[in-house]
Amino acid sequence: MAVPTSTPNPSAVVNRLRIRRVVLALLYVAVWVGFWHVSTALNLVSGVSLWYPSAGLTFAVLLEYGACALPLPVGAALLAGLSLWSWEQWPYYLLSVFVPPLGYAVAAHILRGYPDPRSHGRWHFNDPQRVAVFLAAGVGGSLFAALIGAQILNFAGLLPSRTSLSQAMLGWWVGDFIGVVIFAPLALIFAAPLARQFGRGEPPRLPRSWVAVDPPSTRLVLLQGLVAILLLGGLFWIPYHFWQNQPYPFMTLLLLPVLIWTVATRGIRGTLVVVLLYELGIVTMVTLFGQAERALQYQVVMVAMVASGLLAGAVSQSRLASIVRFRDLVEVSNDLLWEFDASGRLYQLSGQLARIAAVREEQLRRHWSQYVIQQEQDTDLATLRATIQQRRPFRHMVLRVRLPGREQSAWTHNSGLPMFDEDGEFLGYRGTTVDITTHKKAEALLRDYDQALEAEVAERTRALTEFSKRNWQMANFDSLTSLPNRNLFFEHLRKGLKQARRRRRLLALLLVDLDGFKAVNDTFGHDMGDELLRHIAERLQRCVRATDTVARLGGDEFTVVLPDLEHIDGASAVARKIIECLAEPVPLGEAIGMVTASVGIAVYRPESPDSLELAMTLLRQADAAMYAAKRAGKNAWRFAEAVDSDPP
């Protein structure tokens, strides 16, 4: 006997969702009011207002839900100040509650319109540019709130007698900005995904991106925490006990190296936690040791800490995302690369098969199934649909497809991986397609034409070998200068480091940047600029040994890897030779181009580890040395050691 199943009542489902949203709103108001009272209590104890976490919660809810969420922070502020204001002061309090959040609403509206095709209208801290825009919006919103709020308090006569209007505005501005840049990212990254899941009635789940690609060891985490605690405690305790009348707030900036070291081993989420702990440590120490007269200086320190942490965390997050993308693509073939979004619409087609089919941009933005011939026989179409519905990876799915620009259909092997954003939200799939039409034809001829099949297989093998060689060439060499690109440069650098460590020899990394290239490019055009870069590449190769590596990083930046050096003088000799060679005029058709070079040199010594992180450090050191050469007048070279020893 079949058991009847009941279908959910739509009105009941809607009511449950409304109840969940009301619960979220009440929870937000409670947290907002709680943070307000905690910060107020700390202010009363220490006599100094270092930050305003409630401003961060205000900006976070506006950035997540838009201006429609403005009643939430306004209502929370009215509730928080209900018992503190007299009846005569309430008009001013209403103005101070309603008007300042408008600046945050405008800033949030601008950020919500910042382009990101895969963000689904949500803000992410996944690259330094977006973090810089967020910091700028936080500065603008908090400045508006400080200007309006301080003026209102001044009209109400509530400013302290010893505090000027400009001091009140400055303190309010910096305190709000610190609260925004600390608590808004925390709320958006940690709380917002859980709130969205709760609001939709979904069970809570941990986003995949919460876990770093290469998580640090427990020993490293404990070491970083111990160093930070000892340094923070020492920076407050020592001046307090030995120089009681001379506190040094800016000594707290000595925490920045530890912060950057910590951030380098984590993504944006680990960065936010570390920054919050550091800022809490500063607030706690100021509260315990009572240095209210240095409030602005400590606020400047806190701003420097959180801005540095967010930017460094975004760089780390971007690096981790690039690693994930690279690993995903390595796992599958590279004959045809494709991506489609969460709704199934293709938005990326590249690779050899796409170039043969001459796919144009306007032919995309269609559902992937429109390119598939809807036949179940001899295909894996049904299995593929079920796999995509379950958000699972698939490999070697056989489909018969008709690509744009091709009259005949093709049999293909398809492999793909699901994509998720930092919050665990499904973004779509990326993968590869390999044309197996020739193999299908060979199978049809197998019964009668064994020799023809062998010839077809041999031809296909040769073609695949050529495709593989061509793809490898495109992936590892610069198309303009034929020099190794960034990928092959790092491979040569990695091998050079291992060889230098094994042979106990020196290795030098030279970063060459052209001075005056933009002027040549603007004067003679991009074609002549490309011709100039080709001449520069040839001259660089003439300046080094056959065992050295010359690579192009991009634009007018080149690198030179000099392995097997006995002394660093060999690196300076090559740098001098490069500078002299590149300074010679370059014939550009009927014109003459003139550029010079600034060279930065970083040296690897065999007692150091030969890790990828060290390779990145050498590149950063060479970059800093190169900029030091530019500051010194260009057309020169500098060692990284010399840069490190110069006073700031």
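Helices (H or I, at least four residues) and strands (E, at least two) are DSSP runs, numbered from the N terminus. The model is predicted: local features need pLDDT of at least 70, side-chain atom pairs count only at pLDDT 80 or more, and totals for chains, interfaces and linings use all residues. Residues are numbered from 1 along each chain as its sequence is written, and side-chain values use heavy atoms, with hydrogens and water left out.

**Whole chain**

Start with the protein chain, which has 21 helices and 12 strands. Of its 648 residues, 46% are buried (under 20% relative accessible area; exposed is over 50%, partly exposed in between; 1.4 Å probe, protein chains only). Contact means heavy atoms within 4.5 Å. Among contacts between residues at least 6 apart in sequence, 67% join residues at least 24 apart.

**A184**

Next, select A184 in helix 7 (residues 165-199). A184 is buried, with a relative accessible area of 0%. Beyond its neighbours within four places in sequence, A184 is in contact with G56, F59, A60, F134 and G179.

**Helix 2 against helix 7**

Now show helix 2 (residues 53-65) with helix 7; they pack at an angle of about 50 degrees, with their axes 7 Å apart. Axes are lines fitted to C-alpha atoms, for helices over the stretch in contact, and angles run from 0 to 180 degrees between N-to-C directions. The two helices are therefore oblique to each other (under 35 degrees is roughly parallel, over 145 roughly antiparallel, 65 to 115 roughly perpendicular, the rest oblique).

To see the contact, select P53, A55, G56, L57, F59, A60, L63, E64 and Y65 of helix 2 and D176, G179, V180, F183, A184, A187, L188, A192, A195 and R196 of helix 7. These residues divide into 14 nonpolar, 2 polar and 3 charged (Ala, Val, Leu, Ile, Met, Phe, Trp, Tyr, Cys and Pro count as nonpolar, Asp, Glu, Lys and Arg as charged, and the others, Gly among them, as polar).

**Helix 5 against helix 6**

Finally, go to helix 5 (residues 100-112) and helix 6 (residues 128-156), whose axes are 7 Å apart at an angle of about 165 degrees. That makes helix 5 roughly antiparallel to helix 6. On helix 5, select P100, L102, G103, Y104, A107 and L111; on helix 6, the contact is made by V133, F134, A137, G141, S142, F144, A145, I148 and G149. This contact has 11 nonpolar, 4 polar and no charged residues.
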